[in-house]
Amino acid sequence: EHVFNSLPERKLVLNLISENKIEYNPDFLNDPNSVNKYTVEFFKAVNLGIYGSDLNIASSFDQTQESMVFLKCVNVLAGSLGVNSVFDQRLFDRIQEQSNNKDSILSIIIDAFKKVDETLKYNNRPATSAYILAGCWIEGLYVSCQMAISNDNEKIIKAIIQQKESLKHLIVMLESSPLNER
C-alpha cells in the first residue's frame, strides 16, 4: 500500500511528458519478443511488472499499437502466473474504447494491476505480487532515468529523486515477502 501510494501521480507523469515535449523511445522498453523466455515464477512476476510499466509508458505516449503488444505480453505472463482472468477481452475492449483518453487508459491499467495484487494476496501469494510491483517500479524508474539522460531535464531528475521514499517502502515490502522459487 505504501509503495502504491508513494508512486508519482499519473497526471504529474503526463504533464512532465507534455510540458517537456519528451518523445517516445521504444528502445527504453523491454523487448516484447522476450516474453516467452521467462519460465521461473520470480522472472515471470518481475517481467509482468516490467511489461505493465511499459504498457503504461506506451499508452502515455499514445502508442496504441505498441500498447496492444505490451498488453498481450502482460496477458501471457498473467496467464502463466494464474491471474489472466484480470486481463480478459473485456479489459482489451475497455482500453480500445478509451484509446483517445490517456488518463482513462492509465486508470484501467492501474486498476487491473490492483486486482492482480488482490487476487495473489487472496491466494496466499504476496511475494509474487510484491515482485510484480517491484518490476513495475524498477522499469518506471529505469525509463525515467533514460528520459532524463536523453533530454537533460531537471524536472524529470527531481521526480526521480522524489522516489527515494517509495524505494524505502519497496525494500521493506520485498524483504517481508520472500519467494520460495527463485
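Predicted model: local features only at pLDDT ≥ 70, side-chain atom pairs only at ≥ 80, totals over all residues.
**View 1. Tyr 24 meets Phe 61, loop to loop.** The two rings make a tilted aromatic pair, with 5.6 Å from centre to centre and 50° between the planes. Tyr 24 sits in the loop between α2 (10-19) and α3 (41-60), while Phe 61 sits in the loop between α3 and α4 (64-80), so this pair ties together parts that are 37 residues apart in sequence. Both Tyr 24 and Phe 61 are buried.

**View 2. Tyr 51 meets Phe 70, helix to helix.** Here the ring centres are 6.2 Å apart and the planes are at 35°, so Tyr 51 and Phe 70 also count as a tilted pair. Tyr 51 belongs to helix α3 and Phe 70 to helix α4, so the contact ties together parts 19 residues apart in sequence. Tyr 51 comes out at 0% relative accessibility, so it counts as buried. Phe 70, at 2% relative accessibility, counts as buried because the cut-off is under 20%.

**View 3. Phe 42, Phe 43 and Tyr 131 form a cluster.** What joins these three residues is ring pairs.

**View 4. Helix α3 and what follows it.** Helix α3 has 20 residues, and from its first C-alpha to its last it reaches 28 Å, close to the 28 Å expected at 1.5 Å a residue. Most of this helix is covered, with 18 of its 20 residues buried. After α3 comes Asp 62, and its phi is positive, near 60°.

Technical notes. Residues numbered from 1 in each chain as written. Heavy atoms only, no water. Phe/Tyr/Trp six-rings, centres within 6.5 Å; stacked < 30°, edge-to-face > 60°. Helix = DSSP H or I, 4+ residues; strand = E, 2+ residues; numbered from the N terminus. Buried < 20%, exposed > 50% of the residue type's maximum accessible area, 1.4 Å probe, protein only. Expected span 1.5 Å × (residues − 1).
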